[in-house]
Amino acid sequence: MPGLLDQKCCDGCWHSSGRTCPEVVECIKSGPLCHENAGCSDRRAAAAAEFLRGDVEKPVVFVGTGTCGLGAGAGRTIEAVRAWIAGRSEPVSVVEVGCVGACYLEPIMDVQLPGRPRLSFSQVTGENAPAILDAVFAGEVPAGNLIGQYEPASKTPWNGAGLLSEHPFFAGQTRWVLRNCGLIDPSSLDEYLAHGGYRAYARMLRSMTPSEVCEQMERSGLRGRGGGGFPTGRKWRLALESPSDQKYMICNADEGDPGAFMDRAVIEGDPHRVIEGIAIAAYAIGATQAYFYIRAEYPLAIERLREAIRQARERGLIGRNILDSGTDLEIKIKMGAGAFVCGEETALMNSIEGRRGMPRPRPPYPAVSGLFGKPSAINNVETLANVPDIMWNGAEWFSSLGTQGSKGTKVFALSGKVVRTGLVEVAMGTPLERIVMQIGGGIPDGKAFKAVQIGGPSGGCIPARHLDLEVDYESLKKFGAMMGSGGLVVMDEDNCMVDVARFFMDFIQRESCGKCIPCREGTRRMLEILDAITTGRRDEKNRQALERFKGVVYLEQLGSIIRKTSLCGLGQTAPNPVLSTIRWFRDEYEAHVYDRKCPAGQCKSLLVFSIDPEKCVGCGLCAKACPSGAILGTRKSPHHIVPERCIGCGGCREVCPVGAVSAE
Amino acid sequence: MTQDLGSTIDRIVSEHPGTGRDSLIPILQEAQHELGYLPREAVVLIGRKLRLPVSKIFGVATFYNQFRFEPVGRFHVQVCRGTACHVKGSLKVLERTKRELGIESGRTTRDGLFSLEIVACMGACALAPVISINGEVHGRVSPDDAARLILDCRQTAETREA
């Protein structure tokens, strides 16, 4: 099948592989721009329709094979699908797509038959895939695994299948950045073109100056989605206005924030969108060299990105004299090497230069002196993924959604103790409650909802009673949290907030680059205090408890000093998880210090395990599971735990068949 | 062996024409990818090629979590310790894995079969807790699942040897 960029509508079209027409990309979606001919428009539309898959000529099976899908077993699903197809006479094609965002339903398989809307199924494993395919090809809808059907348009809808857009997970979402994820084949440039890809870039090259592009971005109100929330347009303007023979555009795809995975999903599911975004940004600041700095932990994303860049270069969408505009752009991929601090722009640039990823003081800002000492701009993946639509639909379209200071949508990575985990894209200003309870489906197993941790190690916790909070950059700051990159980890009554604070401090303390003292020594001291609070002391006197509570007060002081005096954003935001948990969950800290108890039962060394002799049947499973030999007893008579030997691993509680082991 | 190492490093460095300091990390990454880890001799050779002091290269390599200076096992087990995984009990998975393998994280078993590594986040948070064995991601892993996966690896190794 010839690609869309190879095709001419008629002889009036002078596009050829040797000589590129600058209007060809827009032509694909909008019909011929050079000569008005209704027949040509139809022919163009027909060619694009093939890649739009509004309808298909032969059946297509889509399998979601993002990292999350593969982790859920999509590899075996696709094997089973291929085996099933091999046993049939009619041709069926298989397409690997990215993640649609509903990770909790994976592996996801979609089936589209000619003349029918696409059907989506959840939890399709190697075992049940053949049965589902059998049923669909026989014209039935197997209800058990059904998620829903896509918009039927004019085709014959399936009876008994709800619309995918009305599924509770999707109904409350506004999908702009994730629009194509899970839908299109990420390895096909033509599919992205058919969905309107690169037309914003092509039109911009023809008709706008870099300054006009910056102006449009400024008017749109887009703010950086990577953490700080700096206005993107202003960042570009600063870089544009720094005169230099060489400038650099960098995409930060080093999503180091644990609990966030939207960047990975966007690159895996729709890599060309990010490439178009970086190409527009490079033009806007006057850069001819761009870098993707991407995590080595994301091998699939790197592979998809590499392939997409190759395709774009091959078709002249990047490279020299792009679409006859006189603009050049080279894109390189640099793999990150696993350092959280490289999310900091000056550290990231050091890393690209082949040095330790340590930040340096600003000013000079990267817009003046950045990579290799040249003016540079850095944006994160989600920010750049927003750019093509803003450039095509206009600044007003974008800024019509959102709140006063935060425009557009935000993708949240919803995980933890919530029924529907995955990627959720909502308008800025959506109440947290709607994200967690309505879209996320609430807390599983009938547990009580405790808090949401937002923004990772730079963010903080929002307690359940403030769930009506409308999320945007400002409101989160007021609550001691931060947008960060948008990781949303839900916690229930079983999670200990002191333990969570300790977890983040442990992470930061390991990931601090060590250059400045407040961050290096301060976070270590904070961790020591938290360790002391969460460690059991069997023979502690009251006065010592008071001394330890001074530690909590000290944490607050220390935190505010680290915040004020650290060199970079990592240190400046490092105390946030601790300070916000002290603010909202002081009672838990007090319980740890004074009562030496962990109310949630998470802090191991504060737990005392015991066996209820009434319930114990003397099976001996606990004694077998105990790694420290702390459980004594003879068969068929009640066992007991020797507290001095117990290491509090909880293994006995897990194996006990009658629930006789308790901890408090 | 030294001969092989030399030619491998030669090839990797020659794939980065006009080599400057900014190629250092990619070269180290490729060397580790091919050799499984960064042996001292390889670092010395790279330093000679790039005209950089070996101390500087170690300074860079030890800064990043990705680089290893010990060979990995035939089965490289990575346990994710991201926030979502932590909240869903990855500590127990990690402890069970350590117990099954008898090693601490960052180490390799004496028979060279397993190595264990803690990673910050694999980006599959929706499937937490997550572990990966030789790059294959396993989601919603309980401590028992981890033990079973390790047993599977052991059996695979045995059948291949038999």
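Me: What makes H21(A) and H24(A) a helix pair, and at what angle do they cross?
Reply: In this predicted model, the axes of helix H21 (residues 542-565) and helix H24 (residues 586-594) of chain A come within 9 Å and cross at roughly 150°. Axes are lines fitted to C-alpha atoms, for helices over the stretch in contact, and angles run from 0 to 180 degrees between N-to-C directions. Helices are DSSP runs of H or I with at least four residues, strands are runs of E with at least two, and both are numbered from the N terminus.

Me: Why is the crossing of H21(A) and H24(A) called right-handed?
Reply: A crossing is right-handed if the near helix is turned clockwise from the far one by less than a right angle, and left-handed if anticlockwise. H21(A) passes H24(A) in the right-handed sense.

Me: Which residues make the contact of H21(A) with H24(A)?
Reply: H21(A) brings Ala545(A), Leu546(A), Arg548(A), Phe549(A), Val552(A), Leu555(A) and Glu556(A). H24(A) brings Arg586(A), Tyr589(A), Glu590(A), His592(A), Val593(A) and Tyr594(A). Contact means heavy atoms within 4.5 Å. The set divides into eight nonpolar, one polar and four charged residues. Here Ala, Val, Leu, Ile, Met, Phe, Trp, Tyr, Cys and Pro count as nonpolar, Asp, Glu, Lys and Arg as charged, and the others, Gly among them, as polar.

Me: How many residues take part in the contact of chain A and chain B, and how much area do the chains bury?
Reply: Chain A gives 57 residues and chain B gives 38. They bury about 3,500 Å² between them, 56% of it on carbon and sulfur atoms. That is the accessible area (1.4 Å probe) that two parts lose on being put together, summed over both. Ala337(A), Arg356(A) and Phe503(A) supply 16% of the area that chain A buries against chain B, more than any other three residues.

Me: What makes Glu95(B) and Lys604(A) a salt bridge?
Reply: The rule asks for a side-chain nitrogen of Lys or Arg within 4 Å of a carboxyl oxygen of Asp or Glu. The closest N and O atoms of Glu95(B) and Lys604(A) are 3.0 Å apart, so the pair qualifies.

Me: Which element supplies the largest share of the side of chain A that touches chain B?
Reply: H19(A), with five residues. The residues of that side divide into 29 nonpolar, 13 polar and 15 charged.

Me: Where are the cis peptide bonds that join Arg362(A) to Pro363(A) and Ala128(B) to Pro129(B)?
Reply: Pro363(A) lies in the loop between H14 and strand S9 (376-380) of chain A; omega is about -5°. Pro129(B) lies in the loop between strand S2 (114-119) and strand S3 (131-133) of chain B; omega is about -10°.

Me: What makes Tyr198(A) stand out?
Reply: Its phi is near 65°, a positive value in a residue other than glycine. Most residues other than glycine have a negative phi, and most peptide bonds are trans. Tyr198(A) lies in the loop between helix H7 (189-194) and helix H8 (199-207) of chain A.

Me: What are the ground rules?
Reply: Residues are numbered from 1 along each chain as its sequence is written, and chains are lettered from A and ligands numbered from 1 in the order in which they are written. Local features need pLDDT of at least 70, side-chain atom pairs count only at pLDDT 80 or more, totals for chains, interfaces and linings use all residues, and side-chain values use heavy atoms, with hydrogens and water left out.
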